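Dear colleague,

I am passing on the structure that follows, together with some notes on what came out of going through it. Please read the notes with the model open beside you.

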Amino acid sequence: MIDVHYWPTPNGWKVTIMLEECGLDYNIVPVDIGGGDQFKPEFLRISPNNRMPAIVDPEPLGGGDPLTIFESGAILEYLAEKTGQFLPADIPGKYRVLQWVHWQMANLGPMMGNANHFKNYGKNIADDPKQLEYGTQRFVGEVDRLSGVMDAQLSVNEYLAGSEYSIADMISWPWAFLIGRLIDESVWDDFPNLKRWVDQVGERPAVYKGRKAGADLGKRELTEEEEKARRELLFNQTNDKVRAAREEAARSA
Ligand SMILES: N[C@@H](CCC(=O)N[C@@H](CS)C(=O)NCC(=O)O)C(=O)O
């Protein structure tokens with residue numbers, strides 16, 4: 001059974017949604033990113049960038065030793081290849097999907113993450129709120145632009161990569177459905193085609209189940225001290241700070 005190293009966030013949901021869509025059995029291995037699990041040597045050996053999600057497949061496509069994969073885009077592409085689902089086999093169809101998968105990984109995910117950081121999390125970190133203004137404007141602006149890119153594509157296509165539901169939709173939906181929450185719910189008025197797709201994909205039973213996977217993890221209310229430690233851990237990562245964990249992972253490999 002595939003192990004999913006996971007915490008319930010948009011990047012984690014991409015993988016549980018795909019596993020649900022493919023009907024594959026999986027076992028959730030919690031990675032409490034607020035508690036520092038991403039720096040444990042056993043996790044860093046699977047995911048050297050100290051980010052979840054990651055998977056371990058004990059029965060990999062092509063045989064051989066258990067296969068470990070980090071980066072949600074690579075994981076979805078692998079699961080699509082393994083099951084022969086949600087990624088066309090023909091070259092034009094395959095790259096019609098993969099260009100949107102890479103688009104999400106390089107654009108929508110990082111820009112929304114940064115917009116959320118400057119607009120929401122930053123309030124508890126920056127001493128002067130003015131420090132946040134340019135970052136908020138830059139990244140919320142990018143999210144608005146990217147919403148327009150999806151809206152235009154979805155005005156002439158049922159799904160992001162054309163007429164068929166694919167891993168391009170599964171990888172984009174967990175971020176896209178949060179756009180209203182991030183910017184303002186009125187933003188959907190500007191992007192009716194995107195809203196149509198968000199609702200349509202959201203109604204798929206596998207999408208619902210994937211998003212609910214491990215929903216109870218991280219529900220515990222943190223004390224002020226714990227919240228402060230969590231912010232320091234998540235938002236103040238320099239090479240110096242993570243080097244020791246990485247070296248320990250290499251030593252104990
Ligand atoms: N490009 C990566 C991004 C993964 C990512 O940013 N994961 C976050 C949670 S959504 C994480 O593990 N954060 C831990 C940390 O910042 O130390 C992917 O799509 O897999």
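What distance separates the centres of domain 1 and domain 2, taken over C-alpha atoms? The answer is 21 Å, with domain 1 covering 2-85 + 220-251 and domain 2 covering 91-210 of the protein chain, bounds that come from an automatic or database domain assignment.

Before going further, please note that this is a predicted model, in which local features need pLDDT of at least 70 and side-chain atom pairs count only at pLDDT 80 or more, while totals for chains, interfaces and linings use all residues. Residues are numbered from 1 along each chain as its sequence is written, and side-chain values use heavy atoms, with hydrogens and water left out.

The two domains touch through 19 residues of domain 1 and 22 residues of domain 2, where contact means heavy atoms within 4.5 Å. Between them they bury about 1,800 Å², which is the accessible area (1.4 Å probe) that two parts lose on being put together, summed over both, and 71% of it is on carbon and sulfur atoms.

Across this interface the rule finds one salt bridge, that is, a side-chain nitrogen of Lys or Arg within 4 Å of a carboxyl oxygen of Asp or Glu. The side chains that meet in a salt bridge are those of Glu 21 and Arg 204, at 2.8 Å, N to O. On the side of domain 1 that touches domain 2, α1 (10-22), α3 (72-83) and α10 (224-235) each supply at least two residues, and the largest share, nine residues, comes from α1. Helices here are DSSP runs (H or I, at least four residues), as are strands (E, at least two), numbered from the N terminus.

By the same rule the count comes to 11 salt bridges. One of them joins Arg 145 to Glu 142, with the closest N and O atoms 2.8 Å apart, and these residues both lie in helix α5 (residues 130-156), three residues apart, about one turn of the helix.

Turning to the ligand, 14 residues surround it, the closest being Gln 38, Met 52, Glu 71, Ser 72 and Gln 237, where a residue counts if one of its heavy atoms lies within 4 Å. An oxygen atom of the ligand is 2.7 Å from an N or O atom in the side chain of Gln 237, whereas for Met 52 a backbone N or O atom lies 2.8 Å from a ligand oxygen.

Met 52 is joined to Pro 53 by a cis peptide bond, with omega about 10 degrees, and Pro 53 is in the loop between α2 (41-44) and β3 (54-57). Glu 71, in the loop between β4 (67-70) and α3, has a positive phi of about 80 degrees although it is not a glycine.

With best wishes

Terms used
A polar contact is a pair of N or O atoms within 3.5 Å; within protein, one must be able to donate a hydrogen and the other to accept it, and residues adjacent in sequence count only if both atoms are side-chain atoms.
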